[in-house]
Amino acid sequence: MMLLVYTLMSAVLVAVGIFGLASRGNAAKILISIELLSSGAVGLVFFPMLAISRSFVFSQSLMILFLSVDGVTLGITIAVLLMAVKRSETGDMNKLNELRG
């Protein structure tokens, strides 16, 4: 029963993350949406794996590895986005789109 609750909550996190990316607002909103999307994906992938796995230690270490890689990726994304916002002096993603080329 708890696996179903965790899986549904992870699916809700993925749905909210996709909605936030589709609405395309300011830079902070998109970063939060990316983080929600990745957290939901971790839940959708690893909670069932933890439930049916015979090797709990392997599943848990794989989850820790994925979360640490996700944290590093988020840090790099924040740094690149902050540099783009500093260069263009706006947080609006439609204006940041003009940085191409």
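The legends below describe close-up views of a predicted model.

View A. Once neighbours within four places in sequence are left aside, Gly20 is in contact with Lys29 and Ser33.

**View B. The separation of Gly20 and Phe56.** Along the sequence, Gly20 and Phe56 are 36 residues apart. In space, their C-alpha atoms are 34 Å apart.

View C. Ser38 is placed in helix H2, which runs over residues 27-52. Its relative accessibility is 14%, so Ser38 counts as buried. With residues up to four places away in sequence not counted, Ser38 touches Phe66 and Asp70. Asp70 is one of the buried residues of H3.

**View D. Helix H3 from end to end.** Helix H3 consists of 33 residues, 56-88. The expected span takes 1.5 Å times one less than the number of residues, so H3 should span 48 Å. The C-alpha atoms at its ends are 48 Å apart, in agreement with that value.

**View E. Buried positions in helix H3 and the residue that follows the helix.** The buried residues in H3 include Ser59, Met63, Asp70, Leu81 and Ala84. Just after H3, Glu89 has a positive phi of about 60 degrees.

Conventions
Residues numbered from 1 in each chain as written. Predicted model: local features only at pLDDT ≥ 70, side-chain atom pairs only at ≥ 80, totals over all residues. Heavy atoms only, no water. Helix = DSSP H or I, 4+ residues; strand = E, 2+ residues; numbered from the N terminus. Buried < 20%, exposed > 50% of the residue type's maximum accessible area, 1.4 Å probe, protein only. Contact = heavy atoms within 4.5 Å.
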